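User: Let's talk through how the two chains of this model pack together. Here it is.

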Amino acid sequence: MTSSGERRRRDDPWAAFVEAISVRQDREAFAALFSHFAPRVTTYLMKNRTSQQQAEEIAQEALLSVWRKAQLYDPRSASVSTWIFTIARNLRIDASRRERRGGAIHVDEAEAEFALDDAPLPDARMAAVQSEARVRDAMRTLSSQQLKVIQMSFFEDKTHGEIARTLQIPLGTVKSRLRLAMNRLRGLLDQDA
Amino acid sequence: MTITHHPDEEMLAAYAAGALDLGQHVAIATHLAACGRCRAFSRVCECVGGAMLEDEAPAALAEGALDRALRRLDAPAPAASAKTQPVADDLPPGLPAFVKGYDFGPWRWIAPRIHVRAIALPEPSPTRVLLLRSAPGTKLIHHEHTGVELTCVLTGAFSHEGGRYGPGDFDLGDPSVEHEPHIEAGPPCICLVAMQGDLKFGGLVGRLMQPFVSF
Ligand SMILES: [Zn+2]
């Protein structure tokens with residue numbers, strides 16, 4: 001377990017920066033993480049119908065969460081970019097609810113809504129996911145067209161019709177590319193079954 | 001617990017991306033509480049999100065963004081909204097922790113051998129969530145719905161043309177599907193149901209159901 005943890009840390013250059021924050025509140029490590037991730041989180045949020053100003057504000061909050069929660073980060077369960085993706089996703093959901101409720105009250109519901117209960121399930125397939133590198137490998141086997149459709153469909157919250165119009169492809173092609181891509185990712189788990 | 005019916009991959013990907021409305025999210029989270037296979041797939045989708053984040057083109061931030069963040073590092077974290085609502089002590093097993101904190105209405109009789117219990121979400125959602133309890137041996141009437149309906153079994157079991165559904169199993173009903181589930185002998189069958197749109201029932205039962213439909 002330790003050895004796989006070590007291997008993970010080598011795979012993910014950002015894990016050492018989070019550890020530096022966790023161990024010694026290293027501000028330079030924070031600055032490096034902020035400079036890399038805050039502009040990318042901002043882009044991701046702006047693709048999700050968020051204004052630039054609000055996207056930047058949520059990106060600030062996301063990186064502040066990295067600072068405050070560095071001790072909770074487990075490099076064996078997710079890469080830093082995946083961890084930050086989930087933080088940004090949760091903050092985006094909370095921010096849109098706060099806005100709908102008039103903006104006055106702090107909302108922090110999404111994190112609990114995504115927390116899977118602690119009770120571990122006896123499923124060998126969980127082990128496969130510990131190796132996030134394999135997900136990246138599988139993504140490399142997807143065509144850029146398939147990736148684009150996954151990205152627009154789930155991470156930019158676009159309907160199949162909108163995707164078809166944007167990419168100027170038939171609706172049926174959108175659906176078949178998505179299905180193929182999903183099967184590829186599912187296959188990643190079933191290899192070990 | 002052997003789970004044989006799962007949400008499709010696209011729904012799990014939408015869950016992981018944070019693209020589901022809260023009612024649908026609750027139904028998927030309830031399935032994930034029981035299903036390691038789908039948990040693993042949702043984690044894969046989060047990894048896809050991480051990889052995409054890594055590949056995003058960096059946006060140009062407002063001047064001084066980093067300095068502003070550095071100045072905020074020593075500020076205290078905003079107090080978590082501590083919601084220590086009492087959890088109803090008569091809830092069925094299998095609900096995710098955050099769902100147990102919601103307000104549950106009383107069980108209401110809606111048809112012979114069938115009761116429902118509304119779950120109040122903290123957020124307006126186009127998808128309503130409720131518990132549906134059916135006595136063993138009941139044959140549910142055919143109903144049409146105008147939107148998709150997500151069902152996750154908590155206790156007991158039912159069968160329909162699509163197979164047998166026991167605890168943890170997930171069933172997706174869409175407007176084109178006509179199913180008449182039959183509740184198995186044994187314990188009462190309690191399901192968490194998340195549904196969009198309105199139910200349309202014919203006949204007497206439909207009229208009996210109206211108060212429930214408009215809750
Ligand atoms: Zn499943």
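User: At roughly what angle do the axes of α11(A) and α1(B) cross?

Analyst: This is a predicted model, where local features need pLDDT of at least 70, side-chain atom pairs count only at pLDDT 80 or more, and totals for chains, interfaces and linings use all residues. Residues are numbered from 1 along each chain as written, chains are lettered from A in the order written, and side-chain values use heavy atoms, with hydrogens and water left out. Helices here are DSSP runs (H or I, at least four residues), numbered from the N terminus, and axes are lines fitted to C-alpha atoms over the stretch in contact, with angles from 0 to 180 degrees between N-to-C directions. The axes of α11(A) and α1(B), residues 9-17, come within 10 Å and cross at roughly 80°.

User: So what do we call the orientation of α11(A) to α1(B)?

Analyst: Angles of 65 to 115 degrees count as roughly perpendicular. The crossing is roughly 80°, so α11(A) and α1(B) are roughly perpendicular.

User: Which residues of α1(B) does α11(A) meet?

Analyst: Contact just means heavy atoms within 4.5 Å. From α11(A), the residues are Leu178(A), Arg179(A), Met182(A) and Arg186(A). On the α1(B) side they meet Glu9(B), Glu10(B), Leu12(B) and Ala13(B).

User: How many salt bridges link chain A and chain B?

Analyst: The rule wants a side-chain nitrogen of Lys or Arg within 4 Å of a carboxyl oxygen of Asp or Glu. Arg68(B) and Glu57(A) make one at 3.6 Å, N to O. Between chain A and chain B, the count is 11 salt bridges.

Technical notes: Helix = DSSP H or I, 4+ residues; strand = E, 2+ residues; numbered from the N terminus. Parallel < 35°, antiparallel > 145°, perpendicular 65-115°, else oblique.
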